[in-house]
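This report looks at how the chains of one model meet one another.

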4 protein chains.
Amino acid sequence: MSTDYRNLKILMQEIKDDNRIQRIIDQQDKVHVVEHFWNKDHYNRDGQLKRLSFLEEKMGKKFNVLNDNDSIQELEQLKGNIENFIGFSKVPTGIAGPLLVNGTEASGQFYCPLATTEGALVASYNRGCKASSLAGGIRSICITESVQRSPIFRFESIVQLGQFLAWIVHQYEKFEAITGKCSRYAKLINMKTNIEGNQVNLIFEYTTGDASGQNMVTFCTSEICKYIIEQSPVKPVRWYIESNLSGDKKSNYQSFQNVRGKKVIAEIDLSREVIENVLRSTPELMADYWRTSTMSVIQLGSIGAQGHIANGLTALFIATGQDVACVSEVTVAVNRMEVSSSGGLYASLTMPNLIVGTIGGGTSLPSQRECLEMMDCYGEGKAKKFAEICCALALAGELSICAAIASGHFVSAHQRLGR
Amino acid sequence: MSTDYRNLKILMQEIKDDNRIQRIIDQQDKVHVVEHFWNKDHYNRDGQLKRLSFLEEKMGKKFNVLNDNDSIQELEQLKGNIENFIGFSKVPTGIAGPLLVNGTEASGQFYCPLATTEGALVASYNRGCKASSLAGGIRSICITESVQRSPIFRFESIVQLGQFLAWIVHQYEKFEAITGKCSRYAKLINMKTNIEGNQVNLIFEYTTGDASGQNMVTFCTSEICKYIIEQSPVKPVRWYIESNLSGDKKSNYQSFQNVRGKKVIAEIDLSREVIENVLRSTPELMADYWRTSTMSVIQLGSIGAQGHIANGLTALFIATGQDVACVSEVTVAVNRMEVSSSGGLYASLTMPNLIVGTIGGGTSLPSQRECLEMMDCYGEGKAKKFAEICCALALAGELSICAAIASGHFVSAHQRLGR
Amino acid sequence: MSTDYRNLKILMQEIKDDNRIQRIIDQQDKVHVVEHFWNKDHYNRDGQLKRLSFLEEKMGKKFNVLNDNDSIQELEQLKGNIENFIGFSKVPTGIAGPLLVNGTEASGQFYCPLATTEGALVASYNRGCKASSLAGGIRSICITESVQRSPIFRFESIVQLGQFLAWIVHQYEKFEAITGKCSRYAKLINMKTNIEGNQVNLIFEYTTGDASGQNMVTFCTSEICKYIIEQSPVKPVRWYIESNLSGDKKSNYQSFQNVRGKKVIAEIDLSREVIENVLRSTPELMADYWRTSTMSVIQLGSIGAQGHIANGLTALFIATGQDVACVSEVTVAVNRMEVSSSGGLYASLTMPNLIVGTIGGGTSLPSQRECLEMMDCYGEGKAKKFAEICCALALAGELSICAAIASGHFVSAHQRLGR
Amino acid sequence: MSTDYRNLKILMQEIKDDNRIQRIIDQQDKVHVVEHFWNKDHYNRDGQLKRLSFLEEKMGKKFNVLNDNDSIQELEQLKGNIENFIGFSKVPTGIAGPLLVNGTEASGQFYCPLATTEGALVASYNRGCKASSLAGGIRSICITESVQRSPIFRFESIVQLGQFLAWIVHQYEKFEAITGKCSRYAKLINMKTNIEGNQVNLIFEYTTGDASGQNMVTFCTSEICKYIIEQSPVKPVRWYIESNLSGDKKSNYQSFQNVRGKKVIAEIDLSREVIENVLRSTPELMADYWRTSTMSVIQLGSIGAQGHIANGLTALFIATGQDVACVSEVTVAVNRMEVSSSGGLYASLTMPNLIVGTIGGGTSLPSQRECLEMMDCYGEGKAKKFAEICCALALAGELSICAAIASGHFVSAHQRLGR
């Protein structure tokens, strides 16, 4: 039985046990009253305070740091996040939402904080959220997860490499045990090999709890490597803790049939009415543009096919203390749009490489924590929920830009709101 | 004569006129005393203020917003940068440097502000800067630039498409004139075609002054398209302002033999002494790791080959008000390291897709402007200079991580400084 | 003015001068009686001889070598094609057609010889040809051409590289002259540069008459390089005649926005009737399968998007003495299918990397020449014609396999005809 | 336990049981007298007959069909290989060798028949073989194998898709049983899933005995799909037998961390003497060119990194009745060269996507069978052996071209032997 198949079996058992699919179906059938949330005072104190009050009341939390009334005094909390500290970069943050999400962990209407300096970005995502919510919401499901480290070991020749492999195939349980000792959160779930000439990449796959987990898997893999070097009957000529096969900070083609971080799928059925009224386009035009754009993306030689998910995800990552450099890899995704049998639009976004966390990294810093709390996504047990919101938001943004370009109001929006 | 060749001719004439190569040679031969700048008080007020004072004195500017003593009161200045504003995300910012750069525009020692929440990142880049500076600095040269928009026009068949092309080949001067009217900064420098079946992408290439320029080229292309639709003797069945062939927010393989944003090349010769003393590695180990890593990156299916340039560039982009979502495309680059004939290490980084600006976007916002001013990179006439610093910093970061992994102190650094 | 734009202008002038578009329109409007050509005696002498007689009569040539009645006695003619000769590999060859093509050079009904050992291949392409011909034929247009060689020159540093470039920008006319002396057929049409660190790839682009031209451009580039090495005021540390940036024998992403060999575009409008009667499918099913398949190809990480053009092109290349190893690169292509406004199917195939010739290479060997003559594609002045047939045939094959998979008779065809 | 890990465990057990590594070590230590085999009569009857006699005597077989003395009379044997048969394409075939291979199945000196019309190709591969054999031979090991089919199933939404998956995870044993009934050779070894929006690719992985197996896995997958459609409690809206995710006839990035066909690794240590005497180059120059070429290939956007393996493999595939169109995918490979610690050159070639067979397809046709017999690779039990020879030959060709370009005799060889 393969890992994939075994993981799928586990997932399916879980889904059965907690009745997850039925909950999504039930949610889908509920009538949702989409909250009204928008005012035209984009850039003044009055508009800002109205929005903050609304969110503070809704969430039962104060968002004082975002408000910028007080400076951050306790710098000791920055330990582990920065060196040579000189101050804070202050990134304007707006809100897009409500976004109605129907996921396995994320369920309800969410307001997404977006830290950006690009005019029209928040407005565009907000429009996508509105259309999505009025259409009954986005189904968004985190289906699998893992984070990799890939040390590499080189030998005199493939003969010694073979002897090494003959030993290592009996060590997996040992590696699981080492991982267990090294971290409370990390769990080794798989080991793969990639042999190239006289060297082998070992690819260790871990789950990392609710942290994005890149440091965690480094430390565990380091302990495993120490054991390998000490115990292996045949010693490598050279070895390195990371071969650059893990995909860390590098968009790559391996993401699709594997997973890095979380694999999340979001989809929606939009009625013709919502498309015409909110997105000011038609299902036919949007599907036509999707096909046209996909053909161009293929000739461009981009990995995956999507429009501008980098925009929304970068802004959400900055606001919520994620590892923003991962934007280089999370933007590997495929978007699909087609006219549905009922004459509306079916749209989906598949993201196999979503690296996010709700603990660790920058998540507990002052403004970042507030932004996570705004979506009830701070702390343990929230990472999958947050991932489902990320993917739903990205899909909402795809809908908005697709409609804007398909129907010719992309330029005017940027003229009105951009710099 | 081809554009490439013509551009090269223009560049070579410029270089001759301003004696640029000689200036670089002269710089190279000067003995530089690398400034001493570092203290261990990473996370407390005392260390922060020492660093800020040093920088304020050096640059003759105050950095009060970064300091976080005052809140930002005038929200009207956010117009064009944000909608639905709720406050500021505050991103911890550290300093890496001095970084000695010997470029055509950037020349001297620079301190690079990095906004991040990832522990060890600033320390690692700082180490790379130190080694680079002690080795005599990084040569960094911006060799060409352009930003694209690519509308697409579809016809009944390739026959009508042919008739359209027969008309459009005589319109280039008209398009130049339209661009001139539409923008003070944008200049149309080329038009390419990409025919696929019955549709054609027109690829308009512009220079955009010192702005990153994506909005500017949208507006100009929109005006050109209006003219095309009105005047063309054969009308397209469908057309879109952007086909997704421009590469906007999408890493892609077209960057290498073209350029998107700026193409910058940085290189350095490191002596064995500097590598041993500062990077605690050897030229042979670093070159060996470079080769090993490159082989893995090829099998991963990443575009280009580099280690973690996303880390430094993302942090620099957040601090300086760049379009951070462009991290999805700027990380297309190739890094090379080899043992040099003198027994040291030659290292280079080639970035064909560096989208940056020193005016427009978020560059004039309070903390962002301070961060640009820290490097004397704010405002007109500074974009190429900033691009050369970006590429040099990225190369410094590659040196540091390569040495860390090659010599086995990657893990310990993250254990000491990370979360 | 850019090369692209300039080439387009030249092309458009040519098209105007020779009234090419009008000829295609006229052809398109003619009613074609599709020849009837098929018999069920696939594998016996009787069927073979009927087919050969038909072709011999049609073309006014004898195809004795294919017939295999005589052995090849004059081995001296193999000079330049083989070393260590031991005999002939005999590859079974079938015929697909007639294929009605409406191109700038290829115009009429063609019979395509396919050398293969894969059962069902000829039958499938034959079905695609039949459907295409009954639908009024495939428009197939060769729009541009060039073959590259890319030597690389490395210098001490980017400073010396700059000095080299300052010299080389004034040498283009000299390089044209060298090319003129070196070859009767090759013509230098462009020189591009690709700078990476301290080294530069020069990319010389040539037209090569009716030969595929890889050897020809090697020899010319070699002469140019000799001149460079002798005359350049600054000498490279190292240089190589081919850097592997030319794309020779390697599928790659640079093909799309450039060209390697010939860029050819084929398209067709199929009526619903032809699809139902000949392809036993519907426009909707075929467009649905096209979209589904394209999404999978994107996730696979293939270059371009097509189904199985390798099958038909490999078989045609073996039969006609092409450089069959180029199958590794010619299969970079994009196929598009969509339901047309008239309720039929629009399908196109864009091939930017079609390396073919009708002189040189294996084209004049006994059976290979016969196969080219069967399509009136042997010798000078025939390369573009042959390229247009290649692309049209490949599109016919895409139609056939797409219908077969879309409508569920892919498996039964292989069970009936395969091994 | 993952498939990879499980497969590795099985492999390692096999290796232990049959003492395979020890055999390779023993072989390696033997002194081999490399056969002398070459004469200058490339293109005349005399040279041809000398070579054929040598091979006939060595193998104890007659090679009459290659000899071309008789025509092929029994056309019934072509059933399953061709339709609309018109005759035989006759491809000149030369011999490269002896090539000393030290593999798990291939062990000894082999003569490789190459069918090509490209002058200098056989000579170049022959030179690589000579150098490799004099250096003690190429270690070549087939480490894993599988062939895929990937049907796709689309549902109303991801909810129904979830219900489908919940059912299918319990069907694997059933699918194994169906496969067992459908084919004597095919064995289902894994099932993977790839979910994209509301559709799922099932990826069935099979071993296919000694056949290349693409038809075999089609038929088995068809039977499995019939069962799925009949038995699944939730019916797909649409499904297709092949989604184009299998990689059939399409080079792609998934090959590296998976396998398609056979994954084979070849490596060699060449002494400085052999490099100087036979390849007329040096280890340093060759390693330098390898690095330079690899950097260019990365910028080109090719999949993998190699020089011209398409040349040798295409010629070998035509001669031996392989599915030549697979050249589009088998050329995905990575080549590595480095100066070894003993001052020679270490070179390896890793091929994860080698589709070959020694039964079925064109293997039993007259000349094709003779060519397989020439290497004792015809029939059952020979596929891994043949795969190891293929990879070793490809590596020999890489050595030859690398030396030729590195040392500047690439051009002269083509001038002497090419057309």
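Predicted model: local features only at pLDDT ≥ 70, side-chain atom pairs only at ≥ 80, totals over all residues.

## Strand pairing between chains

## The interface of chains A and B

Chain A brings 122 residues into contact with 122 residues of chain B. The size of an interface is often expressed as the accessible area that is lost when the parts come together. For chain A and chain B this buried area is about 10900 Å², with carbon and sulfur atoms giving 53% of that value.

Six salt bridges are counted between chain A and chain B, and a salt bridge is formed by R154(B) with D288(A), whose closest N and O atoms lie 2.6 Å apart. Polar contacts across this interface join 69 residue pairs, both residues of each being at pLDDT 80 or more. The side of chain A that touches chain B is made up, by class, of 48 nonpolar, 53 polar and 21 charged residues.

## The interface of chains C and D

The contact between chain D and chain C takes in 122 residues from chain D and 122 residues from chain C. About 10900 Å² is buried between these two chains, and carbon and sulfur atoms give 53% of this area. Y43(D), I86(D) and R419(D) together supply 9% of the area that chain D buries against chain C, which is more than any other three residues supply.

Across the interface of chain D and chain C there are six salt bridges, and the side chains of R238(D) and D288(C) meet in a salt bridge with an N to O distance of 3.7 Å. Residue pairs in polar contact across this interface number 70, with both residues at pLDDT 80 or more. On the side of chain D that touches chain C, the residues divide into 48 nonpolar, 53 polar and 21 charged.

## A buried glutamine in chain A

Q27(A) lies in helix 2 of chain A, which spans residues 20–29. Because its relative accessible area is 18%, under the 20% cut-off, Q27(A) counts as buried. Leaving aside residues up to four places away in sequence, Q27(A) touches H32(A), N102(A) and S107(A).

Technical notes
Residues numbered from 1 in each chain as written. Chains lettered and ligands numbered in written order. Heavy atoms only, no water. Contact = heavy atoms within 4.5 Å. Buried area = accessible area lost by both parts, 1.4 Å probe. Salt bridge = Lys/Arg side-chain N within 4 Å of Asp/Glu carboxyl O. Polar contact = N/O pair within 3.5 Å; in protein donor to acceptor, adjacent residues only side chain to side chain. Nonpolar A, V, L, I, M, F, W, Y, C, P; charged D, E, K, R; others polar. Helix = DSSP H or I, 4+ residues; strand = E, 2+ residues; numbered from the N terminus. Buried < 20%, exposed > 50% of the residue type's maximum accessible area, 1.4 Å probe, protein only.
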